[in-house]
Amino acid sequence: MFITFFNCKNDSSKKAITDLHKNEISLKYAQGFSISDQGTYKLLEIKNPWPKSEKIYKYALVPKGNKVNLNKNDFEAILTIPIKKIVVTSTTHIPSLELLDVEQTLVGFPGINYISSEKTRNRIDNGKVRELGKNEGINTEVLLELFPDVVIGFGIDGNNKTFETIKKSNIPVIYDGDWVESSPLAKAEWIKLFGLLYDNEKQADSIFNTIENNYLDAKKLASKVNNQPTILSGAMYNDVWYLPRGTSTEAQLLKDANTNYLFKDTKGTGSLSLNFETVFAKAKDADIWLSPSNYESLEALENSNEHYTMFKAFQNKNIYSFTNTKGKTGGVLYYELGMTRPDLVLKDLIKICHPELLENYQPYFFKKLN
């Protein structure tokens with residue numbers, strides 16, 4: 001009897017877990033979060049907001065007017081949607097707000113000078129977005145004065161004491177892990193999280209579908225070209241050359257642009273750390289050099305290290321960077337918009353590497369170094 005009872009109880013537990021996720025809303029690429037419809041509310045689960053994260057963060061999002069009887073101990077927070085006031089902590093969150101036409105709900109940001117978008121900069125200039133200091137040390141006094149419905153957090157290990165203080169003040173913190181995703185389209189799909197917060201999932205789906213279609217169309221166009229220019233990336237910092245690993249999102253973009261990234265066979269999603277000799281031996285004759293750190297000119301590159309001039313791409317002035325495309329206060333647009341709009345990044349790369357395919361296209365982020 002005991003065995004039978006235990007098995008029945010165990011089956012009931014499994015059924016409850018299954019029922020909780022049976023109405024899960026399908027995501028095409030993103031692995032770091034999930035959404036499921038529970039009838040009177042939506043269940044949002046953030047699965048890996050930073051590398052090696054083990055905890056699953058659960059949030060109940062309740063449409064305004066719905067009556068629910070939920071145990072608050074089962075969730076990180078229970079939010080009423082659509083939200084009316086928001087604080088985000090990374091410039092990568094700004095494009096999602098603007099694409100959904102809800103940028104007017106942004107009330108605070110840590111490091112507003114890094115924001116490039118003209119639309120949001122106008123709101124900053126008009127005093128509608130408050131400065132909150134630094135991400136790792138947000139001015140909680142100002143934040144509590146603003147008292148947003150939610151803070152979209154960004155963290156690398158979950159040890160941000162400021163976020164813990166914010167939570168204790170009954171302001172929910174949702175960790176956005178878009179940067180951990182392993183493909184450009186997976187990162188872009190996190191716009192659906194913002195669509196959920198504003199109870200506007202249909203618009204978020206439509207926006208993402210457009211980005212996806214643009215990306216796949218550009219990839220298909222590039223695939224028809226037989227010539228693959230050889231690509232070098234990155235630059236030196238303290239005698240170490242940092243460049244994308246072969247399975248990183250940057251390398252994926254180069255692959256989809258139909259190029260021959262010279263370090264494509266390396267494993268991992270972060271950065272390679274190599275000495276100059278190793279890079280030079282493999283890439284001295286590379287056709288194109290992309291994203292040489294934050295150097296803004298050929299002269300700055302040469303002044304930093306005269307050995308850079310030994311590369312064929314330098315001698316042919318075939319070096320491109322997104323560093324010079326900035327907002328009026330110095331924020332680099334690529335760092336803000338590139339993750340949400342990988343279709344634009346891919347088109348930029350195709351224009352650089354296969355200019356004949358996009359004759360009338362003007363690169364959005366990348367410019368040739370002079």
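Start with the lining of the second largest pocket: its residues split into 6 nonpolar, 5 polar and 7 charged (Ala, Val, Leu, Ile, Met, Phe, Trp, Tyr, Cys and Pro count as nonpolar, Asp, Glu, Lys and Arg as charged, and the others, Gly among them, as polar). This is a predicted model, where local features need pLDDT of at least 70, side-chain atom pairs count only at pLDDT 80 or more, and totals for chains, interfaces and linings use all residues. Numbering runs from 1 along each chain as its sequence is written, and side-chain values use heavy atoms, with hydrogens and water left out.

Now select S117, E118, L333, L337 and Y364, the closest to the pocket's centre of its 18 lining residues. Helices here are DSSP runs of H or I, at least four residues, and strands are runs of E, at least two, numbered from the N terminus.

Next stop: helices α8 (residues 201-223) and α9 (residues 249-256). Their axes, lines fitted to C-alpha atoms over the stretch in contact, come within 9 Å and cross at roughly 55 degrees. That makes α8 oblique to α9, because angles under 35 degrees count as roughly parallel, over 145 as roughly antiparallel, 65 to 115 as roughly perpendicular and the rest as oblique. Pick Y215, K219 and A222 on α8, and Q252, L253 and D256 on α9, to see the contact (heavy atoms within 4.5 Å).

Finish at the open sheet, 5 strands in the order β1-β2-β3-β4-β5 with mixed pairing; strands pair if DSSP finds at least two bridges between them. Its edge strands are β1 (24-25) and β5 (77-81).

Definitions and conventions
1 Å grid on protein atoms, 1.4 Å probe; cavity = no way out; pocket = protein on both sides within 12 Å on 5 of 7 lines; lining within 4 Å. Axes fitted to C-alpha atoms, helices over the stretch in contact; angles between N-to-C directions.
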